[in-house]
Amino acid sequence: MPTLHHRTMPPGPRARAILRKSDRYVAPSATQAYPLVADRAAGCHVWDVDGNCYLDFTAGIAVSATGHSHKHVVGAITAQADRLIHFSFADFYYPSYIRLAERLAGLAPGRDAKQVYLCNSGAEAVDAAIKLARHATRRPYILAFYNAFHGRTLGAVSLTASKPVQRRGFAPLLPGVFHAMYPNPYRSRTGDASAECLDYIENLLFRTVLPPEETAAIFIEPIQGEGGVIVPPDAFLLGLRKLCDRHGILLVDDEVQAGMGRTGKFFAIEHAKVVPDIICMAKALGGGLPLGALIARKKIVSWERGSHTSTFGGNPVACEAGLATLEVIEKEGLMRNAAEQGLYIQQRLRALQRRSRWIGDVRGRGLMIGVELVRDQQTKEQADKERDRIVQESFRRGLLLLPCGRNSIRISPPLNISRDEIDQGLAVLEEVMIGKRARLGVTRVGGVK
């Protein structure tokens, strides 16, 4: 296992030179958490351009499920690139698109026959789901949830309700989109987060501004990722399925971040034994290459030829990478590892919670884990600035984490992470949060040990 080491305090001289060029030439619309300039990566480790080594608890925002540059995935990419890099499925056929569609249709929950549309990203999959839901139902309205993140294209960002900056200046957005409360057990007012949110939909929205008979679909993340890794009660997802069935509404499951085995099951919604009508996928699906997918029950795929397609969607190289990724997840038992290691991480974090006044809640499934930070464990006052300092300090010590929600830390390492790597990363986090030098109001200066 590589040792975390820093040759220079990040960002080093090479990184600073690249950052200066980025400031000059790159549009400033991205949201980099800290000045990491990656050079190469392998497994659960990343090296920057100055030779500093980091342990990756982000997996490139849950993309590198099989670890960075897994040999089987790299081999599949290389072999396909030698044969055929591009031949648009919008106008022609090639085997890998069809093989991947068959594979995904077989993995989707439920006995109904499925059909698959491949695209380039999660946002594209969500846009496709919006179009399909409206086309299939001939209904105009869409319901999503507060704190949701579904992407940043104009259609997807109309459903996204995570941060004002993601919407500011882009109005008018897609018409006919409404939002409801998402159940957060940690911050429930009554102790029954599921009942609160289902009641909000049925007895407020449906009785005031959103006619259920004109609602095409409800879009739901089975676990909110960007929103703070919020895990809803299973009863909520079951109740939502029953609500959709009562009113003829399609249930769209956004598995872009939570899918591909990250939670210990292939789709996170399977934990609640709920069968959605449409599933959106991306991130880990392409093994690091741009690839998204929509999986839908065949009887609702009402599209006619030419109504929705993509020049690059389901690119031959990305499809082979996706097939190889699925094979690695299955053959190397990565879903089982995600479940086991995720349970271990949560146990360690709860032990840390008893020693640190900053941790208000630890939650998640498998290797999709959130740590909510508070200034007071009784009042649950959100510790947003302190969260940012912990993420920054962990980076300086060689651990890559990501913020999520207003005041939470997201832990989403590759699914093949080892126990030793977990212990190494958690030791860094523990030192930052309760070590003698940890001062969340002060940025530490000096080299990384």
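Reply: Start with Glu-372. This is a predicted model, and in it Glu-372 is buried, at 2% relative accessible area.

Me: Which residue does the side chain of Glu-372 meet in a salt bridge?

Reply: Arg-363. The N to O distance is 2.8 Å. Arg-363 has a relative accessibility of 8%. The cut-off for buried is under 20%, so Arg-363 counts as buried.

Me: Which residues do salt bridges with shared partners join into one network?

Reply: The network holds Asp-112, Arg-241, Asp-245, Asp-277 and Arg-297.

Me: How many salt bridges does a search of the whole structure find?

Reply: The search finds 25. One of them pairs Lys-163 with Glu-226, with the closest N and O atoms 2.2 Å apart.

Me: Where do Lys-163 and Glu-226 lie in the chain?

Reply: Both sit in loops. Lys-163 is between helix H6 (154–159) and strand E6 (177–180). Glu-226 is between strand E7 (215–220) and helix H8 (234–247). The two are 63 residues apart, and the pair links distant parts of the chain.

Me: Is Glu-226 buried or exposed?

Reply: Glu-226 is buried, with a relative accessible area of 14%. Lys-163 is partly exposed, at 30%.

Me: Which residue forms a salt bridge with Arg-348?

Reply: Asp-423 does. The closest N and O atoms are 2.8 Å apart. Read the elements next. Arg-348 is in helix H10 (residues 334–353), and Asp-423 is in helix H12 (residues 419–434). This pair also links distant parts of the chain, 75 residues apart.

Me: Why does Arg-348 count as partly exposed?

Reply: Partly exposed lies between the buried limit of 20% and the exposed limit of 50%. Arg-348 has 26% relative accessibility, so it counts as partly exposed. Asp-423 is partly exposed too, with a relative accessible area of 26%.

Me: Now the nonpolar side. What is the general idea?

Reply: In soluble globular proteins, nonpolar side chains tend to be buried together. Now the case here. The largest nonpolar core has 120 residues.

Me: Which residues have the most contacts inside the largest nonpolar core?

Reply: Leu-104, Met-281 and Leu-349. Take Leu-104 and set aside its neighbours within four places in sequence. Leu-104 is then in contact with Val-116, Leu-118, Met-281, Leu-285, Ala-293, Ile-295 and Leu-326.

Me: How many residues are in the second, separate core?

Reply: That core has 7 residues, including Ile-223, Val-229, Val-231 and Ala-258.

Note on methods:
Residues numbered from 1 in each chain as written. Predicted model: local features only at pLDDT ≥ 70, side-chain atom pairs only at ≥ 80, totals over all residues. Heavy atoms only, no water. Core = buried A, V, L, I, M, F, W, Y, C linked by side-chain atoms within 4.5 Å. Buried < 20%, exposed > 50% of the residue type's maximum accessible area, 1.4 Å probe, protein only. Contact = heavy atoms within 4.5 Å. Salt bridge = Lys/Arg side-chain N within 4 Å of Asp/Glu carboxyl O. Helix = DSSP H or I, 4+ residues; strand = E, 2+ residues; numbered from the N terminus.
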